[in-house]
Amino acid sequence: MIDVERIRKDFPMLQNHPDLVYFDNGATTFKPQQVIDAVMHFYTSTTSNVERGDYPIAAEADHLYNGARSSIARLINCRPEEVCFTAGDTASMNQIAYGMQHDFLKAGDVILTTEAEHASNLLPWFRMERESGIKVEYIPVDRQGVIHIEDVEKAMHPGVRAIAVAHVTNVLGSVQPISEIARIAHEGGAYMIVDGAQSVPHRKTDVQAMGIDFLAFSGHKMCGPSGIGVMYGRYDLLQRMQPIALGGGMNARFESCGDMTLKNAPYKFEAGTPNIEGAIGLGAAAEYLLAIGMDEINAYETELRAYFAEQISKLDNIEFLNPDNASGPVTFNAKGVFAQDAAGYLASRGIAVRSGNHCAKILHEIIGTDQSIRASLYFYNTRKEADRFVAAAKDISLENAVGIFF
Amino acid sequence: MSEESSLLNDPEVLRELIMDHYQYPHHHKLTEEQGYHSVHMASDSCIDDITVQSLIRDGRIQDIRFDGVACTISTASTSMMTDLLRGKTVAEAKEIIRNYFSMIDAKEYDPDLLEEAVAMKNVYRQANRIKCATIGWKAMQQMIDESEETK
């Protein structure tokens, strides 16, 4: 089991805010000193552009930038050249959707997803549907947002050419059976696309063992910087896929007649000067997580969540929306109190959570409510914090929520 | 100080007012009658989603109504506004709205003009809730502006 007190010392945000209970890790996470140092080192000692300089610090920047790629490759068990740096999960999902439309699918083909997805795994497909006649269909999920394999089998038909789902959903923390879904996808000749924004930071992700063809995730939700993320793609598929952005650094040569030759993946997906310090910081974050161990992180979080969920489920004033899920956020409403009012009250007690519909605006069709409060944990959270949270949650009432204004 | 305005300085009374307007909002039903202006306000950053309707005729606000899903502050502030602006002339309404926005900005305002809406006087302390306290009022401001443009 991980030593949480020792880990907390790595995080300046935790040290600088000793009275804050930060349970908004689904939105973004704090950064350990190791990540901050890696970014600072680039700024103070190795600043230069990558892949074009002939002097020593440029070579060092290249070394660090591509070293980060190798760290990510170790994190998700792929080859470094299958790791494309992007601006984040959203940018990755948009590139994947663009590639599907441009290079893999044709009008009439179908992509399967679910109604529990984040906007970044729906809106790019909606646009694709409008623009190219590729159709979006839904695999049903249960009231906890979970996909059942028999429903995937039922949803499959010869027109289905891709399945795109989150490994862990962002509102309910439903863990989807990716390996089994991927097997069904591949048997039907479909690509398996996974939104890993809420899973890669919290559990072991092995793209080969799980049969993932494309994976997207963000750096800032896994202790890394904002504005950096990853698109993983199986190498042969990346080679077939066109990048959204064209420009410097991604072409091998071009002529005045308009002919151009693109570099190989991953470089063709990294047009322009990349977010070098972001990538280096993300590499440091991956190393930090790997040093603790993804299985250890997951075991600790699962145990902490179970403890927290049990306390929350005992509160009479709380409607607990995802009691059967073992992972991800604890999502709830306080009876008779609008989610934002309840979050405001928790904030007055030093607790940070998210309220609203969490960018999953069609999920209400499944869980029957538009709004909820999402308390999302990370491996640096503690039982003591969970206790403080529960004590405050017990006091959420309309009267107290309005009381914060007086 | 009048008895009423001293009551409106009591935090307990103001809190009760907000709760009451939230649980039992006034004029909380839209109409299909002709002649009404309507503004749909959906906040980008939260899930407040309300529609405000008004009937402005002969330089006077004859009616205001609203409906939708919103937090306590949005609902109560809009409900209070409907009480306050119904029957007022457009000129009076503009002055009340101007004072209300001043209060929300923590600037000088005339509490006597705002009556129960002074319950919102501390919202400025929670910067992220200012949009809640102004969502319905902005809708009304917009309808007044439009009614003046189309004159």
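A residue is called buried here if 20 or more other C-beta atoms lie within 10 Å of its own, exposed if 12 or fewer, and partly exposed in between, with C-beta atoms placed from the backbone. This is a predicted model: local features need pLDDT of at least 70, side-chain atom pairs count only at pLDDT 80 or more, and totals for chains, interfaces and linings use all residues. Residues are numbered from 1 along each chain as its sequence is written, while chains are lettered from A and ligands numbered from 1 in the order in which they are written.

**Stop 1**

Select chain A. It holds 16 helices and 15 strands. Helices (H or I, at least four residues) and strands (E, at least two) are DSSP runs, numbered from the N terminus. The C-alpha trace spans about 70 × 55 × 40 Å along its principal axes. Of the 406 residues of chain A, 50% count as buried. Turn to contacts, meaning pairs whose C-beta atoms, placed from the backbone, lie within 7 Å. Among those in chain A between residues at least 6 apart in sequence, 72% join residues at least 24 apart.

**Stop 1: helix α12(A)**

Select residues 294-313 of chain A. The expected span is 1.5 Å times one less than the number of residues. Now colour the buried set: Ile297(A), Tyr300(A), Glu301(A), Arg305(A), Phe308(A), Ala309(A) and Ile312(A). They cover an arc of only 160° around the axis, so they sit on the same side of α12(A). The arc is that of the directions from the helix axis to the C-beta atoms. On the other side, Asp295(A), Glu303(A), Ala306(A) and Glu310(A) are exposed.

What do the buried residues of α12(A) pack against? Show α11 (276-292), β11 (318-320), β12 (330-334) and α15 (383-394) of chain A.

**Stop 2: helix α15(A)**

Move to α15(A). Its 12 residues reach 16 Å from first C-alpha to last, close to the 16 Å expected at 1.5 Å a residue. Ala386(A), Phe389(A) and Ala393(A) are buried. Their arc is only 60° around the axis, which puts them on the same side of α15(A). Look at the other side for Lys384(A) and Ala391(A), both exposed. The buried residues pack against β1 (21-22), α12, β11, β13 (351-352) and β15 (372-375) of chain A.

Note on methods
Two residues are in contact if their C-beta atoms, placed from the backbone, lie within 7 Å.
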